[in-house]
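Work through these exercises with the structure open beside you. Try each task before you read its solution.

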Amino acid sequence: MEEKEIVCIACPIGCRITIRAMDKNIISIQGNSCPKGIEYIKEEYFNPLRILTTTVKVIGGELPLVSVKTEKAIPKKLLLEAMAEIAKIEVNAPVKIGQVIKDDLMGTGVSLIATRNVKRVDFKLFSYKI
Amino acid sequence: MKLEYDLVIIGGGPAGLAVALEARRNTVKDILLLERDKYLGGILPQCIHNGFGVQYFKEELTGPEYAERFIAKLNDNQIDVKTETMVIKITPDKRIIAINRDDGLLHIQAKAVVLAMGCRERTREAITIPGNRPAGIFTAGTAQRYINIEGYIPGREVVVLGSGDIGMIMARRMTLEGARVKAVLEIMPFSTGLIRNKVQCLDDFNIPLKFNHTITRIEGRKRVERVTVAQVDKNLQAIPGTEEEISCDTILLSVGLIPENELTREVGIELDPVTRGAIVNENRETEIEGIFACGNVLHVHDLADFATEEGEIVGRAVGEYLKRSRKFRPQPIKIVTGDNIAYVVPQHIDFIVSGRKKIKIFMRVKKPAEKIRINLLDVKGRVLGSYKKRIVTPGEMVSVYLPEVLLEDRLINITVSTEEETKE
Amino acid sequence: MKTDVVIIGGGVIGTAIARELSRYSLNIILIEKEDDVAMGTSKGNSGIIHAGYNDDSKTLKGELNIKSNPKFDKLCADLKIPFKRIGSLVIGFFEEDFRKLKKLKENGEKNGIKNLEIIRGTKLFELEPNLNPQAKYALYAPSTGIISPYKFTIALADNAVINGVKVLLETEAKDIRIKEKQVCSVVTNRGLIETRVVINAAGLHADEVAEAAGDNFKINPLKGEYQLFDKQWGNLVNHILFPIPIKLSKGILVAPTVHGNLLIGPNSYRVKEKDDPATTNAGIKEVCEGARKLIPNLPHQDLVASFAGLRADIEGRNDFIIEASKKIRGFINVAGIESPGLSSVPAIAEMVSGILKEVVKEISPQLELKYKDDFIETLPEQPKFADYLDKTGKWQEIIEKDADYGEIICRCEKVSKGEILRAIHQPLPVRSLDAIKRRVRAGMGRCQGGFCSPKVLKILSEELKISPLKITKKGPGSEILKTKTKEMIKETGVKFKDEIRV
C-alpha cells in the first residue's frame with residue numbers, strides 16, 4: 001500500500017490531499033475541500049500528465065527557434081527524454097502556427113506543434129573567428 | 001516627419017493590442033501603434049509556456065499563441081503599426097516624438113494617447129545584494145529572452161531568487177534545457193506565484209523551494225562562483241548563523257516588476273506610490289484628459305487576460321472621449337485603500353454613464369488571508385457592499401463589482417478593506 | 001618587441017602619462033592586464049576634481065592638485081568628455097566644525113585658491129534646500145568639479161593611441177629584467193618587450209612591480225563603497241557635499257554625477273584583496289547612514305547601482321610617489337595615487353614627462369626628446385542621442401547620413417546603434433559588454449541592461465565577427481552565454497533524470 005500527499009492545483013487554496021492506494025485500487029482520499037480535488041488527485045496519482053512547451057531549432061528563419069507545445073498532455077515521466085529527442089529536430093522556415101513539427105512524440109500519439117509563425121529569411125552566414 | 005492620428009498607442013503588448021482592436025470597434029479611425037521591439041506581442045513571444053487565455057478565450061494557450069490571436073487581426077483592421085520605434089517624449093498637448101531608423105525622427109500629433117509600455121524587472125542593484133559584480137547574474141526575463149528568442153542558454157548551475165511565477169517558470173525552463181537548478185529562494189513565508197507553477201515547475205523536477213530565505217552575498221571574479229544564502233526573520237533581515245553557500249554559475253532574479261513610467265512622469269502625470277503607475281479613473285484615463293494607461297504600465301497584472309480586458313476598457317473609452325460623449329460627475333468619487341489592501345485600480349470614479357450597472361474594481365492584498373470579506377465603506381464607515389472571498393493572496397489580482405446604484409451624488413469617498421469572516 | 005618606453009597600468013594615471021609622452025617622438029607601449037582601461041581604481045571612485053584646500057601645498061598631493069584644477073576645462077573640452085564645475089560645500093554642524101572649516105579655508109587661500117567662502121545660516125539652505133536642517137556652516141569652493149573618471153581614462157587612452165601609443169590589453173607585467181642596474185626589458189604573459197624605460201603606474205599592484213626593480217614600498221588597499229541613484233534624484237543636491245574631513249578620508253559625500261545620477265559614498269576601510277572589490281551589507285549601511293547625515297531625505301527606492309573601489313594607500317607615506325628610482329636606472333615610479341589623484345592627473349603627467357627627460361639624459365644622452373609637431377590635441381566630436389533630445393532636428397541630419405543612429409538600443413539611457421558601433425571602432429579595442437557600457441552608457445540605466453544587453457551582445461558578435469558564446473562581460477572568464485539552446489540538453493541529456501523525482 002502506498003500513501004502519498006499531493007497538492008491540488010485546481011484553485012488557489014491548494015488543498016493537501018492524501019491518497020492511499022494499493023496497486024490500481026484507491027483505498028482512501030482525504031483532505032480535499034471539493035470534488036475537483038478528487039478528480040485531480042486520481043489523475044495525478046495514477047497517470048500524471050503534462051503539456052510540454054519548449055522550442056525547436058529553425059533553419060533559415062528570421063528567428064533561430066520556434067516555440068512549440070505538445071497538443072495534449074503527455075506522461076510526466078517522459079519529459080526529459082522528450083526534450084533530448086526534440087533537441088535533435090531541425091525544421092525549415094517558414095513555419096506556421098499550428099504546424100505539426102513532430103508526429104507521435106516519443107510514441108505517445110501526441111503531436112508537437114508550432115505555437116508561432118517564423119518567416120523565412122535569406123541571411124548571410126557569418127564566419128566566426130574562433 | 002510629421003504625422004497626425006486620432007489615437008496613438010505606445011506599446012504593442014497585450015494591452016496595447018487590445019486597445020487598438022477595441023478602439024477600431026468603437027469607430028476610432030486613424031490608429032497608430034508604436035512598438036520598440038522588432039515584433040509585436042510585448043513579453044508574450046518569449047513566454048512560450050501555457051496558461052494564457054483561460055479567462056479571455058476560455059482556452060489554454062501559450063504566450064505566442066495568445067499574442068497571435070490579436071496580432072493577426074491588426075491588418076484586417078487598417079491599424080498602422082511601427083515597430084523598432086522608440087517614443088522619446090510625450091507633451092501634455094499630446095504631441096509625441098519617436099525615433100526609428102527608417103523614418104528618423106517622428107513628430108506625431110495625437111488626439112488621444114494610450115500608455116501601454118509595460119514594465120521592467122527589478123535588478124540586483126535595486127535590491128542591493130552585496131558582493132562582486134561578475135557575469136552570470138540575469139533577471140528571469142532576460143534569461144528567458146536569451147533561451148527562447150535569441151537561442152542561447154546563459155548558465156549551467158542556477159540559483160533562482162524569487163518564487164513568483166516568472167522565477168518558477170524559468171527554473172523549469174532551464175532544467176528542461178539541460179541546466180541544473182539548485183534552489184529557488186523566496187524571502188517571504190509564502191510564494192506570490194500560482195500553486196500550479198510550484199507543482200509543475202519545482203516539485204516535478206525536485207527543485208527545492210526555500211521560504212524565508214534570500215541571497216546575502218554574491219561571489220565570483222569574472223563569473224558567478226557561489227552565493228551565500230541565509231534565513232530571514234520577520235523583518236526580512238538575515239539571521240546570523242544561518243548562512244549557507246551554494247556553488248553556482250548563474251543567478252536568476254525574479255524579485256519584482258516595476259511599471260515603466262519614465263514617459264508618464266516626464267509629461268507630468270502623478271503616479272500612485274504603491275502601483276508605481278498612473279492614477280486613473282474608471283476609464284483608465286490619467287489626470288491629463290485624453291491620455292490613458294493600461295496593462296502592466298498601470299499596475300502589474302498577474303494574467304495577460306486582464307491586461308487585455310483593461311486594454312478594451314481603454315479602447316472603448318477612447319471612442320467615447322473622441323466623440324465627446326462623456327458626462328462627468330459633479331465630483332469624482334475617490335476609492336481608497338483600507339485594511340490589508342495594497343492598492344486599488346481605478347483610484348477614482350469620474351463619470352456618469354447611463355446604462356452602466358456596475359464597475360469592476362481591481363486590487364491586491366498585502367498579506368494572504370482566508371475566509372475574508374471585502375467591504376466597500378463610505379466616509380462614515382457604513383458598509384455599502386460586502387463580498388465573500390475564500391482565499392486571497394498578494395500574487396493574484398482580486399476584483400469586486402461596485403454597483404452603479406451605490407454611486408449617489410453625495411458619495412465622494414469609498415474605502416475598500418478586508419475583514420475576517422466572523423464565525424456564523 | 002622593442003620600444004622606448006613601457007608604461008605599466010592602464011588606469012587614469014597610466015593613460016594620462018601615455019598621452020603626455022606621446023607629444024614626444026618616442027615609441028611608447030602601454031600594457032594593461034585587464035581587457036580594458038580604467039578597470040581598477042579609475043572606475044571605482046567619486047569622480048571629484050578637488051579644489052585643493054585639503055592638502056599642504058608643500059606635498060605633491062597639494063601642489064599637483066592645485067596645478068591641475070584649472071586645466072580641466074580645456075582638457076575635457078579637447079577630449080570631448082563632460083566636466084562640470086558645480087562647486088562644493090564642506091558641511092559643519094558644531095562650533096568646532098566652524099574652526100575646522102576656517103582652517104581649511106586658510107590652507108586653501110595659502111594654496112592660492114580664490115573665492116573660498118564660509119557660508120552660514122539661511123544662505124546655506126538657499127544653496128541646498130534638502131540639506132540637513134541641523135547644518136550650520138559650510139566651506140564653499142566654487143572650483144570643485146565632477147567628471148566621469150572612466151570616460152576620462154578612455155578618452156586619454158584613445159587620444160594616446162591616435163598619437164601613436166600602442167596599448168596592449170590583457171597583457172600583464174610578470175617581471176622586469178635588469179642588467180647592470182639598468183632596465184632592459186619587461187616580461188609579460190604575452191612575451192618580452194625590450195625597453196630602457198619603465199613607468200610603473202600599476203595602481204594597486206605598483207608595489208609588486210616596484211619590487212622587481214628593487215624598490216620597496218607597500219601598498220595597502222583601502223576599500224570604498226558607493227551607491228548610485230536614478231537620475232530623477234540627481235538634483236537633490238546642487239553642489240558636491242562633503243562632511244568635515246578626517247585623517248583617513250574626505251568622508252562620505254553626496255554629489256550629482258556628470259550624467260545626472262546621485263552618488264553617495266565612500267566609506268573607507270582596509271582590506272586584503274587588491275582586485276575586484278565587493279560591496280558589503282555593513283558597508284552599504286554605513287554609506288547610507290553617512291549620506292543621510294547630510295541629506296536626511298535620501299531616496300529609499302530607485303537605486304541604480306552599488307559598487308566598490310580600492311585605493312592604493314602607501315604604508316608609512318602620506319603622499320604620492322612620483323620619482324625616478326634611485327636604485328635602477330630607467331625605472332620611474334608613479335604610485336600611491338589616492339585622493340586627490342584624479343584631480344592631479346594633468347600635473348602628474350607633466351611631472352612624469354619632466355622626470356623622463358632627466359632619466360633620458362642619464363641613460364641615452366644622445367637621444368633628444370623632441371615634441372612632435374603633429375600631435376593631435378583633441379578627440380573628434382561623438383554626438384550622443386541623449387544630448388540631442390531638445391534639438392532633434394540636428395539628430396535627424398545625423399540619421400540621414402547613417403540610419404544606425406535612428407535605432408535605439410538602450411532605452412533607459414537612449415543610446416543608438418550608431419553610437420555603439422562607433423564605440424566598437426574607437427582607437428582602443430572594445431570587445432566586452434562592460435567596455436561598451438563605460439563608453440556609451442548602454443546598460444547603466446534603470447533596467448541595468450535587462451532589455452539591451454542581448455542586443456548589445458548581438459551587435460558585438462556581428463561587428464567583431466566572433467560567436468555570441470565568446471562575448472564577455474569584462475574579459476576572458478566572464479562569458480555571458482554557455483551554449484546554444486538545444487546544445488546543453490544534448491550534453492547533459494537525461495543525466496539528472498535519476499536525481500529528479502519524475
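**Exercise 1. The sheet in chain B**

Which residue in β18(B) does Val160(B) stand opposite?

Solution. Start with the ground rules. This is a predicted model: local features need pLDDT of at least 70, side-chain atom pairs count only at pLDDT 80 or more, and totals for chains, interfaces and linings use all residues. Residues are numbered from 1 along each chain as its sequence is written, while chains are lettered from A and ligands numbered from 1 in the order in which they are written.

Step 1. Find the strands. Helices (H or I, at least four residues) and strands (E, at least two) are DSSP runs, numbered from the N terminus. Strand β12 (residues 157–161) of chain B runs parallel to strand β18 (residues 250–253) of chain B, and four bridges join them. Two strands pair if DSSP finds at least two bridges between them.

Step 2. Read off the partner. Val160(B) faces Leu252(B).

Step 3. Contact between two residues is defined by C-beta atoms, placed from the backbone, that lie within 7 Å. Axes are lines fitted to C-alpha atoms, for helices over the stretch in contact, and angles run from 0 to 180 degrees between N-to-C directions.

**Exercise 2. An edge residue**

Describe the surroundings of Lys210(B).

Solution. Step 1. Lys210(B) lies in strand β14 of chain B.

Step 1. Count its neighbours. Lys210(B) has 15 other C-beta atoms within 10 Å, so it is partly exposed. The scale is this: buried at 20 or more other C-beta atoms within 10 Å, exposed at 12 or fewer, partly exposed in between, with C-beta atoms placed from the backbone.

Step 2. List the contacts. Leaving out residues up to four places away in sequence, Lys210(B) touches Ala183(B), Leu185(B) and Glu186(B).

**Exercise 3. Two helices**

At what angle do α3(B) and helix α4 (residues 165–176) of chain B pack?

Solution. Step 1. The angle is about 35 degrees, and the axes of α3(B) and α4(B) are 10 Å apart.

Step 1. Their crossing is left-handed; that is, the near helix is turned anticlockwise from the far one by less than a right angle, with clockwise being right-handed.

Step 2. Name the residues. α3(B) brings Ala140(B), Gly141(B), Ala143(B), Gln144(B) and Ile147(B), and α4(B) brings Ile166(B), Gly167(B), Met170(B) and Arg173(B).

Step 3. Sort them. This contact has five nonpolar, three polar and one charged residues. Ala, Val, Leu, Ile, Met, Phe, Trp, Tyr, Cys and Pro count as nonpolar, Asp, Glu, Lys and Arg as charged, and the others, Gly among them, as polar.

**Exercise 4. Where chains B and C meet**

How many residues does the contact take from chain B and from chain C?

Solution. Step 1. Chain B gives 46 residues and chain C gives 52 residues.

Step 1. Look at the side of chain B that touches chain C. Its largest share, six residues, comes from α3(B). This side divides into 16 nonpolar, 14 polar and 16 charged residues.

Step 2. Check the strands. β11(B) pairs with strand β24 (residues 483–484) of chain C in the antiparallel sense, over two bridges. Thr483(C) is the bridge partner of Ile153(B).

**Exercise 5. Chain C**

Why is helix α11 (residues 417–424) of chain C largely enclosed by the rest of the structure?

Solution. Step 1. α11(C) is largely enclosed because seven of its eight residues are buried. Among them are Lys417(C), Ile420(C) and Ile424(C).

Step 1. Find what surrounds them. The buried residues of α11(C) pack against β22 (408–410), β23 (415–416), α12 (433–440) and α13 (453–464) of chain C.

Step 2. Now turn to a sheet of this chain. Six strands form an open sheet in the order β9-β2-β1-β13-β21-β20 (chain C), with mixed pairing. The edge strands are β9 (166–168) and β20 (321–324) of chain C.

Step 3. Finish with one pair. Strand β2 (residues 28–31) of chain C is parallel to β9(C), over three bridges. Ile31(C) stands opposite Leu168(C) in β9(C).
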